Amino acid sequence: MKAVDLLKHITEVPTFKKFGRVSRVVGLMIESHGPASSIGDVCKIHVQSTTQGHQEILAEVVGFKDEIVVLMPFTSLKDIAIGCLVEGTNKALEIQVGDELIGKILDSMGRPIDGSILPKGLISVQTEGEPPNPLTRPPINETLEVGVKAIDGMLTVGNGQRIGIFAGSGVGKSTLLGMIARNTKADLNVIALIGERGREVREFIERDLGPEGLKRSIIVAATSDQPALMRIKGAFTATAIAEHFRAQGLNVMLMMDSVTRVAMAQREVGLATGEPPAQKGYTPSVFAILPKLLERTGTNEHGSITAFYTVLVDGDDMNEPIADTVRGILDGHIVLDRNLANKGQYPAINVLKSVSRLMNHIATPEHVAAATKLRELYYTYAKNEDLINIGAYKRGSSAEVDLAIQYEPLITNFLKQGFMDPVSMEQTVNELTTLARGGM
Ligand SMILES: Nc1ncnc2c1ncn2[C@@H]1O[C@H](COP(=O)(O)OP(=O)(O)O)[C@@H](O)[C@H]1O
Ligand SMILES: [Mg+2]
């Protein structure tokens with residue numbers, strides 16, 4: 001550091017600490033007189049625990065009421081009492097990042113969940129960040145292999161593309177994410193598990209991701225029992241970690257399961273701070289943080305973050321407010337269909353309802369032509385399926401429907417894939433073009 005910079009640093013260092021005192025606790029919120037702070041600042045609340053002695057509880061400034069600072073804690077409210085000291089840090093939440101995090105499972109504050117200490121040599125980054133400038137974002141023009149036939153073949157994903165996976169519970173989201181994490185050609189996975197039950201987190205890591213997948217992944221887990229603020233921060237922390245590796249020029253894969261739970265956590269915070277409920281009880285701040293979060297991924301001048309965000313849809317209602325907002329922000333959506341899962345067609349991707357908005361720009365013309373042809377045949381079959389099933393369709397009435405009937409089992413067979421069977425993009429495209437040419 002140059003002497004001038006150093007001097008500037010010294011003059012700017014606060015020479016005194018700012019303190020306040022807890023005056024009231026209402027529900028999940030802590031009110032305090034002081035310290036002088038701004039929204040998003042982290043404060044340390046000093047408490048005296050009967051069992052553990054002096055403790056610091058971290059909380060974030062979420063609002064003001066007249067002269068009073070309103071804080072929300074990252075952990076439980078236990079041991080907070082009237083008069084507790086509230087120390088301002090004048091900084092937003094920071095986490096430590098570096099290569100050493102690869103293979104680790106972290107909490108929303110970037111600390112290893114197993115209680116181990118983070119290695120030295122990591123650097124501090126803020127969890128809140130700005131999306132890349134739209135003018136310096138390179139366009140997406142390369143495909144990214146994810147190793148899932150239905151996606152690589154029919155819904156090709158670009159390096160830096162952002163896609164939503166829309167599904168009800170138990171239709172195969174976690175299994176699909178695990179498959180992508182193990183098979184993809186991305187350099188590294190960052191996986192945020194938000195609002196899942198503890199058992200699901202363990203199942204995902206042990207069964208869906210496996211030791212091979214974990215070796216090339218960083219996991220951030222905020223389970224459903226954690227305070228709302230931790231569940232929100234989990235999403236921001238994972239995004240900040242992905243950004244750190246993108247800045248090094250890597251092609252990162254970010255997966256967030258689920259962005260609906262992040263929205264629900266923000267709704268909890270919004271309602272607790274007195275926001276009015278708007279659509280389906282979701283408060284306006286929910287619709288404000290979604291683009292702030294989802295626009296941070298994608299490409300920038302250094303590298304890329306390809307992102308998969310899962311969205312829970314109850315009873316296939318794709319128009320519920322969160323699904324609708326998320327779909328509008330992203331560059332594609334993959335719909336998992338319970339009917340397919342019930343039939344045992346896995347991964348249960350409904351290709352007719354799914355779209356990759358970039359496929360036509362990035363895949364080869366032969367690949368696009370083959371995928372379009374199969375999609376049309378599949379669509380023709382789906383449109384006439386009821387007639388065919390009740391025997392009301394007579395073979396020979398339409399050459400197109402006849403061909404669709406002949407193709408349907410072949411396409412279905414092409415789309416099926418065991419969750420432990422990786423298939424390369426090359427193999428997928430070969431199979432697809434052969435199938436479209438009439439070779440079976
Ligand atoms: N690719 C697959 N192959 C076979 N079974 C699958 C596959 N994907 C999902 N399943 C079945 O569906 C169940 C639920 O899947 P999961 O990925 O946990 O769903 P979600 O995360 O959407 O709740 C799994 O336990 C498994 O039995
Ligand atoms: Mg799951």
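Asn 183 is found in helix H3, where helices (H or I, at least four residues) and strands (E, at least two) are DSSP runs numbered from the N terminus. This is a predicted model, in which local features need pLDDT of at least 70, side-chain atom pairs count only at pLDDT 80 or more, and totals for chains, interfaces and linings use all residues. Residues are numbered from 1 along each chain as its sequence is written, chains are lettered from A and ligands numbered from 1 in the order in which they are written, and side-chain values use heavy atoms, with hydrogens and water left out.

Asn 183 has 12% relative accessibility and counts as buried; buried means under 20% relative accessible area, exposed over 50%, and partly exposed in between (1.4 Å probe, protein chains only). Leaving aside residues up to four places away in sequence, Asn 183 touches Val 146, Gly 147, Gln 417, Asp 421 and Pro 422, a contact being heavy atoms within 4.5 Å. A polar atom of the Asn 183 side chain lies 3.1 Å from the backbone oxygen of Gly 147. A polar contact is a pair of N or O atoms within 3.5 Å; within protein, one must be able to donate a hydrogen and the other to accept it, and residues adjacent in sequence count only if both atoms are side-chain atoms.

At Leu 209, H4 bends by about 95 degrees, and Pro 211 follows within four residues. The bend is the angle between axes fitted to the seven residues ending at a residue and the seven starting there.

The residues around ligand 1 include Gly 172, Lys 173, Thr 175, Arg 207, Tyr 346 and Phe 419, each with a heavy atom within 4 Å of the ligand. Polar backbone atoms lie 3.1 Å from a ligand oxygen in Gly 172 and 2.8 Å in Lys 173. Thr 175 places a polar side-chain atom 2.5 Å from an oxygen atom of ligand 1.

The whole structure has 0 disulfides, a disulfide being a pair of cysteine sulfur atoms within 2.5 Å. The sulfur of Cys 43 is too far for a bond because the closest cysteine sulfur, in Cys 84, is 13 Å away.
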